[in-house]
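Dear colleague,

I am passing this structure on to you, and I would be grateful if you could look through it before reading my notes. They follow below.

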Amino acid sequence: MRTTTLGTGGPAVGVVGLGCMGMSHAYDPATRDDDASVAVIRQALDLGVTLIDTADVYGPFVNEELVGRALADGHRDRAVLATKVGLQTPETGLGASSAGLLRNGRPEHVRAAIDASLRRLGTDRVDLYQLHRVDPEVPIEETWGALAEAVTAGKALRIGLSEVGVEEIRRAQAVHPVASVQSELSLWTRDALAEVLPYCESEGIAFLPFSPLGRGFLAGRFASAADLPADDWRATLPRFQAEALAANQAIVDTVRTVADRHDATPAQVALAWVLAQGRYVVPIPGTKTPKYLTDNAGAAALTLTTSDLADLNALPSPTGDRY
C-alpha cells in the first residue's frame with residue numbers, strides 16, 4: 001500500500017487505516033468474534049494498513065484489550081497505534097452528558113487513563129493519544145496540558161484531537177503541537193471540508209476521517225432498515241430510518257456508477273474520494289471481516305478522474321441528521 005505521514009514529521013502510515021470500534025462495540029454485536037478480529041488486525045498489518053485506532057470507551061475497555069492481544073507476539077512495532085481518552089459511559093465516570101456518553105477532560109482523569117490504556121494495550125507507549133471530545137466543563141488548555149504530560153513521560157509519542165473546530169485546535173496548539181484531528185468525513189458528511197480540513201492542511205496536521213463509508217451505507221450494504229443487524233446502534237440514527245434510507249439511495253447509486261467505470265466497489269470509490277481531499281488525510285474505516293478489509297485497502301490503488309470527482313462532489317446533502 002502507498003503511504004503518507006501522520007502530518008508533517010509524523011511516522012509513515014498506510015493511506016488507509018483501520019478503526020477497531022465495531023469489533024466489540026456498537027455495530028452488529030451478535031457477530032462479535034474476538035479471535036476473528038485479532039486475525040483481521042494482523043491481516044491489516046500484512047496489507048500495509050498500519051494505523052490501528054481504538055479508544056478506552058469502546059466496550060468500554062474491551063476494545064483496547066482486543067487490540068493489545070492482536071499486537072502481542074511481535075506485532076506491536078508493525079503498527080502505528082492510536083487510542084483516545086475523554087468519553088466515558090455513565091457507569092464508569094461523571095461528566096457532561098453527550099449523545100449517551102459522558103465527557104471527562106479533567107487532567108487527573110487523563111493522567112490515570114493513559115496508564116490504564118497502556119496496561120490494556122500491553123505496551124509502554126502509544127503512537128497517538130487523542131482527546132475523544134472536548135469537555136465543556138474543563139478549559140481545553142488544561143486537558144491538553146495533561147495529554148502533553150504523557151508525551152513528556154514517553155507514554156504517548158504524539159497527541160491529537162477529535163471532533164473539534166479551528167478555534168479549539170488553535171488553543172491546543174498554543175500549549176503543545178497537534179499531530180492529528182479525527183472527525184467524521186464522507187460523501188454524506190462533509191462539514192470538515194469548510195474550515196477544519198483546510199486548516200489542518202495548512203498546519204501540516206493529519207486528518208483522520210472516521211465513518212468514511214457512512215457507517216456502511218455508502219458501500220451499498222443497507223437499502224432498508226431490515227438490512228441492519230439486530231441490536232445494531234445504527235438503527236437508532238436518523239439516517240438509518242426507513243424514509244431517510246430510501247431518500248439517500250440516490251447517493252449510493254451515483255457511487256456505484258463511478259465504481260462501475262473502474263471495475264471497483266462502491267466502498268473503494270467512497271474511500272478514494274476521501275483520500276482525494278488532502279495529502280495527510282488517512283481514513284479509518286472499520287470492519288471485522290477479511291473480505292471488507294481487503295476491499296477497503298484496495299481503495300489506495302484507485303485514482304478517481306476529474307469527471308468522477310465532479311459527479312461525486314455534486315451529490316446532494318443526505319436526508320437525516322447524523323445523530
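With which residue does Asp-77 form a salt bridge, and how far apart are the closest N and O atoms? The partner is Arg-125, and the closest N and O atoms are 3.0 Å apart, a salt bridge being a side-chain nitrogen of Lys or Arg within 4 Å of a carboxyl oxygen of Asp or Glu. Asp-77 lies in the loop between helix 2 (62–70) and strand 5, and Arg-125 in the loop between helix 3 (107–121) and strand 9 (128–131), so the pair ties together parts that are 48 residues apart in sequence. Helices (H or I, at least four residues) and strands (E, at least two) are DSSP runs, numbered from the N terminus.

Please keep in mind that this is a predicted model, in which local features need pLDDT of at least 70 and side-chain atom pairs count only at pLDDT 80 or more, while totals for chains, interfaces and linings use all residues. Residues are numbered from 1 along each chain as its sequence is written, and side-chain values use heavy atoms, with hydrogens and water left out.

Asp-77 is exposed, at 65% relative accessible area, whereas Arg-125 is partly exposed at 21%; here buried means under 20% relative accessible area, exposed over 50%, and partly exposed in between (1.4 Å probe, protein chains only).

The structure holds 19 salt bridges, and another of them joins the side chains of Arg-261 and Asp-308, at 2.7 Å from N to O. This pair links helix 7 (residues 242–262), where Arg-261 lies, with helix 10, which holds Asp-308, the two residues being 47 apart. Arg-261 is partly exposed, with a relative accessible area of 44%, while Asp-308 is buried, with a value of 1%. Salt bridges that share partners also join Glu-163, Glu-184, Arg-215 and Arg-322 into one network.

Turning to the sheet, 7 strands form an open sheet with parallel pairing, in the order 3-4-5-9-10-11-12, where two strands pair if DSSP finds at least two bridges between them. Strand 3 (18–19) and strand 12 (206–210) stand at the edges, each with a single partner strand, so one side of each has no neighbour in the sheet. Strand 4 (residues 51–53) and strand 5 (residues 80–85) run parallel and are joined by 3 bridges, and Ile-52 stands opposite Leu-81 in strand 5.

Finally, Asn-296 lies in helix 9 (residues 290–297) and is buried, with a relative accessible area of 4%.
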